Structure formats: structure tokens, C-alpha cells
Amino acid sequence: MTLAACTNDPKADNHIHEHTHSNELGETWYVSRLIKLSEDLLVKRVPLSQFTDMGWTWEPVLKLSEFAEHVSRVQRADLSYPVILDAKGNLMDGAHRLVKAHTLGAKTILCVQFCVNPKPDWVETPRNTSAP
């Protein structure tokens, strides 16, 4: 099955938000575009243990309302949609699905992976955090 087969459902846009994903180089993609670009990729079922420590964290400090929104998004996450990985296996989309699968005790999760990363929508310039 491909991602296109998963997203032919008229309700499929429920999981698509105009969110972005950025990597350590500042390369940034619209998640909606990543979903479109990954439609023809093969959907695989992979061990959830592959994602136990990916080296990423949630925002360092969350207000109660922000944390509650993440909890709500985890609860609404639809595990029938695969997570999206870049060419190196880093998560590009699907953190809330990973958390949901983990909390439900799942052993595997659906995933698609780019062989070559798509061109980013833009590249963010790193901020200089050192004081003058």
C-alpha cells in the first residue's frame, strides 16, 4: 500500500495541519507538502523501538494550555496514517502518532521514508545566541 491509498479518504485532511518541519540545518518543509510528496512511497510497518531515542525533544517549556493541546493531538492522532522519515531515518512528520502508538503499547507503526530528501520550502538562518 502507498500513502496515496491511505489519503484517498475524504476525511484524510483531518491529520494535515499547516505545520512545518525543520532539521538541524534549518531546512524547512511544509508538512502538507511532505505528505503530498510522499504519497507514492511504499508504506512499511516498522518496529516502534526504532524511534525510542531519536535525539529530539518537545519544546523546552510548555504552558499548561500548550501541553493540553499536545495531549489532545496525541489522542486524536490517527495511526492509520504513516509517519514520514527523511532519507537518514529522521522523523519529518508523525510525533503525535509515535506518542500515541507508544502509550497504547504498540510494537510497530506505519512509516514511509524518502530515499532522497525533497528540496526544502526554505532554509532558516541560524540565530546567533551568543551575546556581543
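Analyst: Happy to. Let's start with D86, which is found in the loop between β4 and β5; helices (H or I, at least four residues) and strands (E, at least two) are DSSP runs, numbered from the N terminus. This is a predicted model, where local features need pLDDT of at least 70 and side-chain atom pairs count only at pLDDT 80 or more, while totals for chains, interfaces and linings use all residues. Residues are numbered from 1 along each chain as its sequence is written, and side-chain values use heavy atoms, with hydrogens and water left out.

User: What makes D86 a residue with no salt bridge?

Analyst: A salt bridge needs a side-chain nitrogen of Lys or Arg within 4 Å of a carboxyl oxygen of Asp or Glu. For D86, the nearest side chain of opposite charge is K88, 6.9 Å away.

User: Which backbone nitrogens does the side chain of D86 reach?

Analyst: That side chain reaches the backbone nitrogen of G89 at 2.9 Å and the backbone nitrogen of N90 at 2.8 Å.

User: Why is the pair of Y30 and W122 called edge-to-face?

Analyst: Rings of Phe, Tyr and Trp (its six-membered ring) pair if their centres lie within 6.5 Å; planes under 30 degrees apart count as stacked, over 60 as edge-to-face and the rest as tilted. By this rule the count is 1 aromatic pair. The centres of the Y30 and W122 rings are 5.2 Å apart and their planes stand at 65 degrees, so the pair is edge-to-face. Y30 lies in strand β2 (residues 27-30) and W122 in strand β7 (residues 122-123), so the pair ties together parts 92 residues apart in sequence.

User: How do you know that Y30 and W122 are partly exposed?

Analyst: Y30 has a relative accessible area of 34%, and W122 is at 32%, so both fall in the range between buried and exposed.

User: What makes R33 and D121 a salt bridge?

Analyst: Their closest N and O atoms are 3.0 Å apart, so the pair meets the salt-bridge cut-off. R33 sits in helix α2 (residues 31-37) and D121 in the loop between β6 and β7, 88 residues apart. The structure has 4 salt bridges by this rule; among them is the one between K36 and E39, at 3.7 Å from N to O.

User: Why does K36 count as exposed?

Analyst: K36 has 57% relative accessibility, so the exposed label applies.

Key: Buried < 20%, exposed > 50% of the residue type's maximum accessible area, 1.4 Å probe, protein only. Lys, Arg positive; Asp, Glu negative; His and termini not counted. Polar contact = N/O pair within 3.5 Å; in protein donor to acceptor, adjacent residues only side chain to side chain.
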